Amino acid sequence: MKGRDQKIFLEALDELEKEKGILKEELLETIETALLAAYKKNYGEKDNVKVTINRNSGDVKVYSQRLIVENVENPEEEISLQDAISVKKRAKLGDILDLEINAESFKRNAIQNAKQIVVQKVRECEKRNIFNKFKEIENSIVSANVRKTDEKGNLYVDINGLEAIVPAKELSPVDIFRQGDRIKIYIGAVEESTKFTKTFVSRKSEELLRGLLELEVPEIYEEIIEIRNIAREAGSRSKVAVYSNDENLDVKGACIGRNGMRIQNIIDELCGEKIDIVLWNEDITEFVKNALNPAEVLSVEIIEEGEENMKVARVLVAENQLSLAIGKKGQNSRLAARLCGVKIDIHTEPSEVEENREFEEKSAFGDSLDEIESIEKSDNLQDDYEVEESAFAVLNEDGE
């Protein structure tokens with residue numbers, strides 16, 4: 001290379017180091033290796049050849065390395081002590097002497113011949129750097145800037161210079177963003193593949209909600225409050241079971257925050273998704289009662305069913321609480337079942353209004369013997385007129 005080309009060459013390496021984060025020294029070593037391979041390909045496989053690049057000038061030189069001996073048997077690999085001293089005054093037996101090879105034609109074409117190898121190395125270094133950067137944020141919540149959404153619904157985001165894609169299937173149904181929006185995303189497992197770094201990126205994961213709670217609630221981050229479980233239907237509603245050993249701490253209050261500010265910040269980030277904070281209890285009956293909030297539960301009985309001894313919670317609620325317990329399209333009972341890890345079977349108890357109505361109907365028969373007999377018969381057949389309403393919440397992903 002000419003002097004001007006050498007300068008441009010070194011400046012290009014400096015730019016690569018700044019823009020791609022690839023060490024200049026690592027690139028120079030790679031280029032030297034590539035040039036050596038190119039030289040051997042053109043001039044024969046010789047083990048004693050060395051190619052170096054001057055770090056200051058960019059000058060490329062090719063050397064033949066010779067072992068200094070008393071009697072030369074292999075001129076291509078050995079040199080006599082007398083000849084060595086003529087090149088290097090302090091040469092001594094057993095040393096390796098570098099003799100420069102006149103390879104001007106090679107040096108003019110060498111870098112072009114090794115270009116593909118260098119480009120490949122740059123790509124490999126860049127890929128490794130990307131992998132390392134993603135590895136640093138693995139299993140965490142990060143802020144990202146929205147770049148665009150493609151025709152398939154995939155969301156492209158920028159994380160401090162790193163490009164990531166949130167697949168459409170990992171977006172919440174209510175996630176609608178514009179270019180430049182600042183959002184939170186969950187970075188899951190990071191794996192290195194042959195062509196690129198594989199990264200799990202999600203806005204739908206329960207881990208996103210867990211991370212947001214840790215960011216907004218210091219007591220959770222400091223492990224004073226523990227998140228025992230999360231049941232989430234992204235974009236609609238979530239239930240979070242929390243617990244603390246500190247009996248003096250208002251656990252739900254700490255999670256919700258003053259005037260609801262803490263939980264509201266999370267709701268805003270999740271585009272309006274409702275969040276229920278549920279107190280965890282080692283007594284599963286109490287835990288189920290808490291999980292079915294806002295419904296008021298009269299009683300819970302735990303039974304075991306099936307070959308796998310699946311636990312079923314038989315829940316009794318007042319008739320006017322049935323719709324609250326089940327929730328819209330069964331969502332409340334479904335999330336509660338997932339949160340508690342049991343099936344939930346909801347039954348109702350006749351309301352006082354219903355009982356009073358039946359009593360008034362009986363009183364309307366009068367006091368005649370025939371009417372009294374009719375009332376007695378009616379009492380015996382009372383079971384034929386009572387209707388028991390029940391709802392069965394089954395723990396499944398389809399919500400059916």
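Before judging handedness I noted the convention: a crossing is left-handed if the near helix is turned anticlockwise from the far one by less than a right angle, and right-handed if clockwise. I also noted that this is a predicted model, in which local features need pLDDT of at least 70 and side-chain atom pairs count only at pLDDT 80 or more, while totals for chains, interfaces and linings use all residues. Residues are numbered from 1 along each chain as its sequence is written, and side-chain values use heavy atoms, with hydrogens and water left out.

Helices: I looked up helix 6 (residues 206–216) and helix 9 (residues 261–269), which pack at an angle of about 140° with their axes 10 Å apart. The axes are lines fitted to C-alpha atoms over the stretch in contact, and angles run from 0 to 180 degrees between N-to-C directions. Helix 6 passes helix 9 in a right-handed crossing. Contact (heavy atoms within 4.5 Å) is made by Leu209, Leu212, Leu213 and Glu216 of helix 6 and by Arg262, Ile263, Asn265, Ile266 and Glu269 of helix 9.

Strands: I then turned to strand 5 (residues 140–149), which pairs with strand 8 (residues 182–192) in the antiparallel sense over six bridges; pairing requires that DSSP finds at least two bridges between two strands. In this pair, valine 142 stands opposite isoleucine 185 of strand 8. Strand 5 also runs antiparallel to strand 6 (residues 155–159), joined by four bridges, and threonine 149 stands opposite leucine 155 in strand 6. Strands 5 and 6 form a hairpin with five residues between them, and glycine 153 in the turn has a positive phi of about 90°. Helices (H or I, at least four residues) and strands (E, at least two) are DSSP runs, numbered from the N terminus.
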